[in-house]
Amino acid sequence: ERLKKAKPLWMRPPATITEDEYADFYKSAFKAWDNPIRLAHFSMEGQVEFKCLIFVPTTLPFELSQEMFAQADSGAVRLYVKRVFISDRFSAAVLPRWLSFLKVLIDSEDLPLNVSRELLQKSKVLSIVAKRVVRKSLDQLLDLSEDDANFGPFYEQFGKYIKVGLIEDRDNKDALLKLARFSSSRNAVALAKAKSVEAGSEAEVMEAGALTSLEAYVSRMPEGQKQVYYVAGTSKAALEGSPVLEALTAKGYEVLYALDSVDEIALQGIGEFKDLPVVDAAKQNADLGEESEEEKETNDQSQATLASTLTFLKETLGSKVDKVELSRRLRSSPAAIVQPQWGMSPQMERFMRAQAVAMGQSEELDGMPGGASTAILELNPTHPVVRQLDLLVKTQPGAEATREYAQLLYEVAAVTSGYEIADPAAFARRITALMATDGVAEAEPAEEAEMAVTPVEIMEGDE
């Protein structure tokens, strides 16, 4: 008799329900073993009437770790009509894919008991319910984002869903931008400032692995920075050594790290944040700051001095690059490879190739704006390696050693810029030859070493 009179949990006033009761219900209804990190219990009356429970999990379920959208069609939403359980296979009708990690219970007063998937797809009632559930879910996540202690661990497990939301849910873009977090070069910038004479202070270093929001990024932007920068790569360690970031780091400009294809697509889709363009730092349209008159004069002189070397490199590399230019972004590296504004990053190129292979298509990205056909080789005109190549070009332009030197410079630039080398064996051969030459020069007696001179030493002797 007492069981018959007991109300379902969602029908009771929230003030009368304890956290333990909510947790127990969550575990039994959704076969979960963790406690929810956030929950919402609300109702809507008026044109549409329903009651709803939304649970935000603490831990990523095993099935979602294997398949990100395993609950997109079923399992995320339990639908009731007038306290009668209908189905848990209508998740896609209520939640967008990026919210399919949530656990939601809906009890509607307006839907018919014989509801079907076809009926739900056309139902205005469910459309209103879905919008309200998404809005309430966002409120819970935004509230959670204010709790640094809990949001960090949550984002580590569910952050990809937020980034998928940035890609797919344009209606909620502003709210999702408040939730999105990214790795960045903040520590590298802080350390560079600490080493400078002007800074004269210790670096303000973030905790290892700490992420930043776009809001926090913009708040740290130095005067003169006009864009939000990001760069794509396979790891934070690889990006911290990327040559394309040298000038930005020297200026104190922080760069966001896109460590997988989801990060990169999400950042590409933002377009602008607070009227600031969001751009790839490894592309030509990245603003490197104003160029002083002295810098312009130096660059003009370098352009004239290295004109023959730029032409030689383009002729030698052929279709591997679209053009060869002098760079303003390099400081300590001899060269780097960048893409034009609509080019494809090396990470995106690998992703597209993998997608093509998975679909049984050719790996070749014919007709797509990326790869060798649009790559731009940028040179650091003050680097000793570039000066050495310039000397080789001017003294022995037809020598095989000069062409090998040019190829090696390109391949080193490709590796450090995140690209894959088409012929690793040839690259290894060039490196091995270079190592062997240096080793011979150091190991041989003085009289024999005179006979084993490098191409550079021969040229110096000829002069």
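This is a predicted model: local features need pLDDT of at least 70, side-chain atom pairs count only at pLDDT 80 or more; totals for chains, interfaces and linings use all residues.
I take buried to mean under 20% relative accessible area.

**Entry: helix α13.** I looked up how covered α13 is. Helix α13 spans residues 261-270 and is mostly covered, with seven of its 10 residues buried. I noted the buried positions as S261, V262, D263, E264, A266, L267 and I270.

I then checked both ends of α13. At its start, D260 brings a side-chain oxygen to within 3.1 Å of the backbone nitrogen of V262. Just after the helix, I found G271 with a positive phi of about 80 degrees.

**Entry: the sheet.** In what order do the five strands of the open sheet lie? I read the order as β1-β2-β5-β3-β4, and the pairing is mixed. The edge strands, each pairing on one side only, are β1 (38-44) and β4 (84-87). On average, neighbouring strands of this sheet are turned by 20 degrees against each other, direction ignored.

I looked at the pairing of β3 with β4. Strand β3 covers residues 77-81 and pairs with β4 in the antiparallel sense, over three bridges. For Y80, I found the bridge partner in β4 to be F85.

**Entry: helices across the sheet.** Helix α2 (residues 19-30) lies across β1, β2 (50-56), β3 and β5 (103-108). I noted that α2 runs at about 90 degrees to β2. Helix α6 (residues 124-145) lies across β1, β2 and β5. Its direction is at about 145 degrees to β1.

Notes:
Residues are numbered from 1 along each chain as its sequence is written. Side-chain values use heavy atoms; hydrogens and water are left out. Buried means under 20% relative accessible area, exposed over 50%, partly exposed in between (1.4 Å probe, protein chains only). Helices (H or I, at least four residues) and strands (E, at least two) are DSSP runs, numbered from the N terminus. A polar contact is a pair of N or O atoms within 3.5 Å; within protein, one must be able to donate a hydrogen and the other to accept it, and residues adjacent in sequence count only if both atoms are side-chain atoms. Two strands pair if DSSP finds at least two bridges between them. Axes are lines fitted to C-alpha atoms, for helices over the stretch in contact, and angles run from 0 to 180 degrees between N-to-C directions. Contact means heavy atoms within 4.5 Å.
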